[in-house]
Each structure stands twice: as C-alpha cells, then as structure tokens.
Amino acid sequence: MTARRLAVVWTVLIVVACTIPGNQVPDVELRLVSPDKVVHVLMFLGLAWLWLRAGSRTWTVVAGGAAFALAIEVWQTVLPIGRFGDPYDVLADLVGLAAGVALGLWSRRTAASGRGGAA
C-alpha cells in the first residue's frame, strides 16, 4: 500500500470513529487512556526524538528521560499548585520515551543507509 493510500485510509477511519454517536460509545473512564496520558506520551516521544536528533547517546536519553519523568511528578507533588504526582503519568511518559527512542533510532538507521528521503 502506498503512503498516500495509507493516509487516505487513516483519514477515513478517523472520520468513521468520530461519527460514532456518543450514546454508543461506552462511558468508561480509563486512567491509562485519557487525553492527559496521550499528551504525556507525545511529549516524551518528542523529547526522546529531539534529543536523539541532537546527537545524544541512546542510553543518556533513556536514563535522562526516565529520571525527568519521575522528577516532574515529584515536583508537582512538592509545589503548592494543587497538583499531584501520578504514577500513570510516569508510565505514559516512559511509553512515549520508548516510542521516541525507537523512532529516533529508526530515523538514524534510515538516514545512514541512504533511504532517509530528501537529498
């Protein structure tokens, strides 16, 4: 399947999913799947990918990113801002970190092999 076709299929699936009536969508609150957790995944995916693109070593990104994820939750608990640390946020951060590292390593490999796209 071409990239264009895949994009069209993905777009149609989004339209279909967004067209499902609200009363047909289960009203179940899942702590592991929420907009907040998605944001955490995306933030740490970007963090890992950008640091790898900047030339950081993989294990430095992994260890630093994991420490950063934990530190943020401790920081939120300590500060008097009405927030609290959430272990599920850390889990989402680590998922994003792993995805970002995988993406970064993949992009390094494809660029090094000459299949990276732009010349």
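**Glutamate 73 and its surroundings**

Author: Glutamate 73 touches His40, Phe84, Gly85, Asp86, Asp89, Val90 and Asp93, leaving aside residues up to four places away in sequence, where contact means heavy atoms within 4.5 Å. This is a predicted model, in which local features need pLDDT of at least 70 and side-chain atom pairs count only at pLDDT 80 or more, while totals for chains, interfaces and linings use all residues. Residues are numbered from 1 along each chain as its sequence is written, and side-chain values use heavy atoms, with hydrogens and water left out.

Glutamate 73 lies in helix H3, residues 58-78; helices are DSSP runs (H or I, at least four residues), numbered from the N terminus. Glutamate 73 counts as buried because its relative accessibility is 5%, and buried means under 20% relative accessible area, with a 1.4 Å probe and protein chains only.

Glutamate 73 also belongs to the meeting of H3 with H2, in which His40, Phe44, Leu47, Ala48, Trp51 and Leu52 of H2 meet Thr58, Val61, Gly65, Phe68, Ala69, Ile72 and Glu73 of H3. By class, this contact of H2 with H3 has nine nonpolar, three polar and one charged residues, where Asp, Glu, Lys and Arg count as charged, Ala, Val, Leu, Ile, Met, Phe, Trp, Tyr, Cys and Pro as nonpolar, and the others, Gly among them, as polar. The axes of H2 and H3 come within 10 Å and cross at roughly 145 degrees; axes are lines fitted to C-alpha atoms, for helices over the stretch in contact, and angles run from 0 to 180 degrees between N-to-C directions.

Notes: Helix = DSSP H or I, 4+ residues; strand = E, 2+ residues; numbered from the N terminus. Buried < 20%, exposed > 50% of the residue type's maximum accessible area, 1.4 Å probe, protein only.
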